[in-house]
Amino acid sequence: PYDVLVVGGGPAGASAAIYAARKGIRTGMIAERFGGQVLDTLGIENFISVKYTEGPTFAARLEEHVRHYDVDIIPAQRAKQLRKGELAEVELENGAVLRSKAVIIATGARWRTLGVPGEAEFKNKGVAYCPHCDGPLFQGKHVAVIGGGNSGIEAAIDLAGLARHVTVLEFLPELKADDVLQKRLFSLANVTVLTHVETKEITGTDKVDGITYLDRSSGETKHMDLDGVFVQIGLVPNTEWLGGVVERTRIGEIVVDSRGATNIPGVFAAGDCTNAPYKQIIISMGSGATAALGAFDHLIRS
Ligand code: FAD
């Protein structure tokens, strides 16, 4: 068996694998898509000490760094089940079963998409999902935020400090965000809120130039000129495969303590699949390192 088996090949998994391997323990890593969400990212400007890099370059560097160590990489495989007895067992979709003394789950998350025409086509060309990442690209521009929940309203407040104007579009007749956020939002002069509207299409030629939406109250279809669209309708953790084995929050995030430990002894988790409040590369790498050190501590005590 492995001493530590990492499930996931994004920043959190890569960091966990390197920290584990550097302890000289037998380390495995199941990496369905090496790089994870970073592969879908264009410019990265907030990975501290690297002023600018691009997703695919960053992902290649991650892989190179992991391969520098004695990590048994199992590429292009998905985990489909976790069982925990004396050892942990991870069953892959191809039927293979891997055993390990400790497991670090780092299967990340995915942004919920609208599924309207133009969204996929203009991704990274005006369609964005992460205000912390891409907000500064829209300095002085008119952007829309789709989604009136907490993440949408936080994004709108954040973007209002950079953009010329921010328009919020919410499907329901009212915003769902906490009152304090709504108060703050409505105090801003450069924000417009449209409720009871349904986004129908993101338009553009080589990049976004607007959106078409249905006013659900009047039944009218309208168009608005825009430079960018932030889709904020939820980040879904890739944890469905765990079923009820590990404690998760209402929205499926794995609950971890300050050492990355879950409620199951020997099972740790890191990165965007956990209940960490902020989801960023540098944060997921920190939590991957924490989980590996937590797992090592667990191994030397048991
Ligand atoms: P992920 O990157 O999601 O990696 C998860 C890994 O697990 C992948 O390898 C995946 O293939 C694998 N996996 C999933 N399910 C399974 C399974 N069942 N079995 C085996 N493997 C599985 N952050 C920044 O700091 N700066 C930015 O500029 C930035 N820009 C972004 C732009 C976009 C478009 C997106 C989507 C995100 C951006 N982020 C940015 C956020 C950042 O990418 C994430 O916070 C970070 O990648 C999380 O790392 P992770 O390892 O936890 O998860």
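This is a predicted model: local features need pLDDT of at least 70, side-chain atom pairs count only at pLDDT 80 or more; totals for chains, interfaces and linings use all residues.
Trainee: What makes the radius of gyration of the protein agree with that of a compact globule?

Mentor: The protein has 302 residues, and a compact globule of that length would have a radius of gyration near 19 Å; the value here is 21 Å, which agrees. Along the principal axes, the C-alpha trace spans about 65 × 35 × 35 Å.

Trainee: How do you know which domains the protein has?

Mentor: The bounds come from an automatic or database domain assignment. That assignment gives domain 1 (2-111 + 235-301) and domain 2 (127-231). Taken over C-alpha atoms, the centres of domain 1 and domain 2 are 33 Å apart.

Trainee: Why is Arg259 called partly exposed?

Mentor: A residue is buried with 20 or more other C-beta atoms within 10 Å of its own, and exposed with 12 or fewer. Arg259 has 13 C-beta neighbours inside 10 Å, so Arg259 counts as partly exposed. Arg259 lies in the loop between β18 (235-237) and β19 (267-269). Leaving aside residues up to four places away in sequence, Arg259 touches Thr290 and Gly294.

Trainee: Which residues of helix α4 are called buried?

Mentor: In α4 (residues 150-160) they are Gly152, Ile153, Ala155, Ala156, Ile157, Leu159 and Ala160. The elements that cover them include α3 (131-134), β11 (142-146), β12 (165-169), α5 (179-186), β13 (191-194) and β17 (228-231). Over the whole protein, buried residues make up 42% of the 302 residues.

Trainee: What is the strand order of the open sheet of five strands?

Mentor: The order is β10-β17-β11-β12-β13, and the pairing is parallel. β10 (127-128) and β13 stand at the edges: each has a single partner strand, so one side of each is left without a neighbour in the sheet.

Trainee: How do you know that β10 and β17 pair?

Mentor: Pairing needs at least two bridges between the strands. Two bridges join β10 to β17, and these strands run parallel, so the pair meets the cut-off. In one of the bridges, Val127 has Val229 of β17 as its partner.

Trainee: How many bridges join β14 to β15, and how many join β15 to β16?

Mentor: Seven bridges join β14 (residues 197-204) to β15 (residues 208-215), and the two run antiparallel. Glu201 has Thr212 in β15 as its bridge partner. Six bridges join β15 to β16 (residues 220-225), again antiparallel. There, Leu214 has Thr221 in β16 as its bridge partner.

Trainee: What lies between the strands of each hairpin?

Mentor: β14 and β15 form a hairpin with three residues between them. β15 and β16 form a hairpin with four residues between them, and Gly219 in that turn has a positive phi of about 80 degrees.

Trainee: Which residues come nearest to the ligand?

Mentor: Of the 37 residues around the ligand, these are Gly10, Gly36, Gly108, Cys133 and Gly271. The elements that give two or more residues to the shell are α1 (11-21), β2 (27-31), β9 (109-111) and α6 (281-301).

Trainee: How do the residues of the shell divide into nonpolar, polar and charged?

Mentor: There are 17 nonpolar, 14 polar and six charged residues in the shell. Gly counts as polar and Cys as nonpolar.

Trainee: From which domains does the shell draw at least three residues?

Mentor: The shell draws at least three from each of domain 1 and domain 2.

Conventions:
Residues are numbered from 1 along each chain as its sequence is written. A residue is near a molecule or strand if its C-beta atom, placed from the backbone, lies within 6 Å of it. Two residues are in contact if their C-beta atoms, placed from the backbone, lie within 7 Å. The radius of gyration is taken over C-alpha atoms; the globule rule is 2.2 Å times the number of residues to the power 0.38.
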